[in-house]
Structures are given as structure tokens and as C-alpha cells.
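Hello,

Here is the structure I promised to pass on to you. Please open it beside this email, and I will walk you through what turned up.

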Amino acid sequence: MTYISTRGEAPALTFTQALLTGLASDGGLYLPDHYPRLAPETIRAFAGRPYAEVAASVITPFVGDDLPAGLLREMIDDAYAGFRHPAVTPLSQLDSNLYFLELFHGATLAFKDVAMQLLGRLMDHVLKMHGRRATIVGATSGDTGAAAIEAFRGLAQVDVFILYPHGRVSDVQRRQMTTVADANIHAIAIEGTFDDAQAIIKGLFQNQTLRGELNLSGVNSINWARVVAQAVYYFTSAVTLGAPHRTISYAVPTGNFGDILAGWIAKRMGLPIDRLLIATNTNDILARALRDGRYEVRGVEPTQSPSMDIQVSSNFERLLFEAYGRDSQALRRLMAQLSQSRGFSIDPGPLETIRAEFAAEAVNEQETTEEIARVYREAEVLIDPHSAVGVAAARRHLNITSGESPMVVLGTAHPAKFPDAMEKATGVRPPLPPHLAEILEKPERLTLLPNDQGVIEEFLRKYARAKIH
Ligand SMILES: *Cc1c(COP(=O)(O)O)cnc(C)c1O
């Protein structure tokens, strides 16, 4: 399997090369040159199988012969053995035709763990094989940073530098990043928004000197390996509800478009997904883009679902690339417009292609709080604000379409990560699971830096251990 950049001017790579590279050198994102298809019988046979077994079947075709199959399987088994639920991502029911996929049973209580636990093992292995070190840099709106830090802490081959927007993540999210004592972990608070942090990360990758010097690598959802690992739970949940015999729809709380793109990939692989519903909070660039055909960046508004407080939705570039028939020249034009004038129009043909498979709903703060309260009242389940955005969007969509396919909402975080929002909506303050309660007591370690790429570069050069050989 070969990987190509959406912007067409970076070298084609193997799976493990794309894994270590993150963002392509032309500023684009890597995608496989084709999508492997799974036969309906193969998909049907996933029903009732252990999560790791399904994961191996879904992920292996994307790796090809780049890693020995036995070794990959071992890493997968190991990555998911640490989850606190034997099904890894169990499915529950909230209402008639409305299901809830619990993706938050990993170490840091958000769905990011599902991919990151595997990514950490893959990267460590590949770096050791080459006798190399890497410097992992990432921007986080809260959960990616914690999941990456947990997956990479203490590893000899990697240093991790995570940028997060100062004062714009929850206390639990921040403490998950700042209470880790391992010397290879660096939590950096940026005086700016998530989009500022993400722009700095993209800038670092475009500095070819720095990139080579420190062997920069990315673990944001621009990393292809993460997207693939997330495709797995679409398969496990869909077969539980009767796929491939039946079509299933998904509502996905969306920020950077990684999680929902994974659903689209699962569909390309042969999973009969009916509708992919993009659920956004008031930061609704994607909902506006689908409605008006204008992808237009506005200011970020802080909400109670901070991991979705995003305007520039990086993985959307991958969908655009496909919707434009893999025309990298068109993508370069759109992305140039985006950086020059903060927006672009999606041409009518590609827009229709996108609308044929996706829908979008934006959910405001009050609706989010009401949904948390409703689910607690009706189903006696506490759902976090991100998941609540998904549930509210799903109900609206089911009402409009009379919903023939069952709708699965992706439960992206554990309610204990957002105790203030939960208490406000339900009066209940969910406690952290015992293995995390200690972070509330531990000392914090972080560096506050200005929203300035030069300053960040200096900091990296000072503390990163990776050097070119
Ligand atoms: C990251 C995150 C999201 C958004 O996922 P994307 O892949 O960026 O679209 C939603 N909810 C939670 C809790 C998250 O951590």
C-alpha cells in the first residue's frame, strides 16, 4: 500500500513512513492510493469477535507487508488489553433507534486513546528498528494531548511537546497533561486558541531545517494511522446492529474531522453506512460549509465541549481531495485561498458528492445542557457535553428523516472529564475513576509560552533529544 499527499507535491510513502511523517512536506495530508475492500462475508463474520481481532482485519490491509502480520497483531492485542471494558468500545442504547458507542474506556477517558495506544506502540517499534529518535509535536484542544502523553510517556525514542490553548481546556484535561513526571514529556500552554496552536504546529512542519534536525513527527489526527485505527469501531458497532445485512447511520461529535472521516473510510471499505452526521457545537464551520458551500473561518467561541472548539478542521482536506476526484491541483488552490483569505467556496459538483453521504447539525450551548439533562432523566446515563452534541444532532436528524437506519452516536469522552458541565445540567458531579483521581493531587509541570512560532522552535531545540545521525 502506497500513501500519497492531498497536495500532490510530496513523495509517496509506505505505511510506516507515513506514520512517522504526519503532515506531508507539501503541507498536505497522506491518504492511501486505494481503499481495500472487505467482502460482506468477512464483515458479517466480525459479529461477536474480540475487538482486537476485528482491528487486525481492518488495519492489516493498510499496512500491507510493511510490518510482519504477527507483530502488528501483538501490538494491537497489547494496545487494547489496557482498556477498562472487555468489549473495548461497548454499544448501549439511549432511545428507540438511537444507540451510544462508548469510546471512553481507555487510559485518559476520551476516544483519542483508541488510536493513540496503538500509534505509540507502532512508532516506538519503527523508531527502534531504524535506531532513530523522534520529536513528537502536537496541538491539542484537550484530549489528544492527554492521550498522546499517556501513550508516549517514558519512551526512550521520543520526546513529546504538546501545545494547548492556555485557560481553554478543562481542569481534568490540563492535569492529565501537566501531572506526568516523565522527562520526555513537555506540556506547553500557548497564549492563544487551539487554531493558533495548530497553526504553529503546521508551521513547524513547514520549516524543513527544523523538521530534519529534530526528526519531527505528528500525532494529531492528520496522522493517517490514527484515522485507520478509528475505522475499527464503526465495524464492531455496525455488525452488532445487523450490518452488513442492514445499513447504519452515525452521528459524530466533530472538531478536526478525524473521527468522522474514519467512518467514511469504513464505508469505502465496504461497511454499509447510510448517513454520516457531522455534529458540531457553536463552532459550526462544517455545518455552514455543508449548508452554504462556503468553508469560512470565523473566531473560535469557547464552549462546554472544548475539544470541538475548532474552526480549521484539518481532516476535511482529505474529504475534499476525494470529492474533487483526487485533483491535487484543485486542493492546492483551495488551501492557498484558505491561508490568504480565511475561506474558500466548494465547487457545486464536489459539494453534491459530500452532501450525498454527509449531513450536519450545529448544537448550541443550551441545547447541549438540555440534552445532558434529558438523557440523564430518561435513560439514567450521564453523557459528556461532546457526546451530548452528538445525541442532540442525532435526534434532530432522526426527526427530519424519519430515520430508517439505526443511528449510532459516538460517545467521545467520559462525563468525569467535564464535572462542571455535568453538575450544571444534572446536579450530579461524576467522580474520576480511581486510577485518575490522583492527578488532582499531583504537582503540575508546564511552560507558558507566547503564540509565536519562533519561541516554540527555540524551546524545541533546547529540550528535544533527537539529533540527525
Ligand atoms: C477530539 C474530540 C472530538 C473531535 O474529534 P475530531 O476527530 O477532531 O473530529 C470530539 N469529542 C471529544 C471528546 C474529543 O476529544
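Among contacts in the protein chain between residues at least 6 apart in sequence, 76% join residues at least 24 apart; a contact here means heavy atoms within 4.5 Å.

Before you read on, a word on the source: this is a predicted model, in which local features need pLDDT of at least 70 and side-chain atom pairs count only at pLDDT 80 or more, while totals for chains, interfaces and linings use all residues. Residues are numbered from 1 along each chain as its sequence is written, and side-chain values use heavy atoms, with hydrogens and water left out.

**The whole chain**

You will find 20 helices and 15 strands in the protein chain. These are DSSP runs numbered from the N terminus: helices are H or I with at least four residues, and strands are E with at least two. Along the principal axes, the C-alpha atoms fill a box of roughly 60 × 50 × 50 Å.

Of the 469 residues, 63% count as buried. Buried means under 20% relative accessible area, exposed means over 50%, and partly exposed lies in between (1.4 Å probe, protein chains only).

**Salt bridges**

Side chains of opposite charge can pair when their charged atoms come close. A salt bridge is a side-chain nitrogen of Lys or Arg within 4 Å of a carboxyl oxygen of Asp or Glu, and by this rule the count comes to 31.

R461 is partly exposed at 36% relative accessible area, and E213 is partly exposed at 25%.

**A look at E150**

E150 sits in helix α6 (residues 143-152) and is partly exposed, with a relative accessible area of 29%. Leaving aside neighbours within four places in sequence, E150 is in contact with A107, T108 and Q117.

**Backbone details in the loops**

A243 and P244 are joined by a cis peptide bond, with omega about 5 degrees. P244 is found in the loop between α10 (224-240) and β9 (248-253).

L109 has a positive phi of about 70 degrees although it is not a glycine. Is L109 buried or exposed? L109 is buried, at 0% relative accessible area, in the loop between β4 (98-102) and α5 (112-130). N215, not a glycine either, has a positive phi of about 50 degrees; N215 lies in the loop between α9 and β8 (216-218) and is buried at 18%.

Happy exploring!
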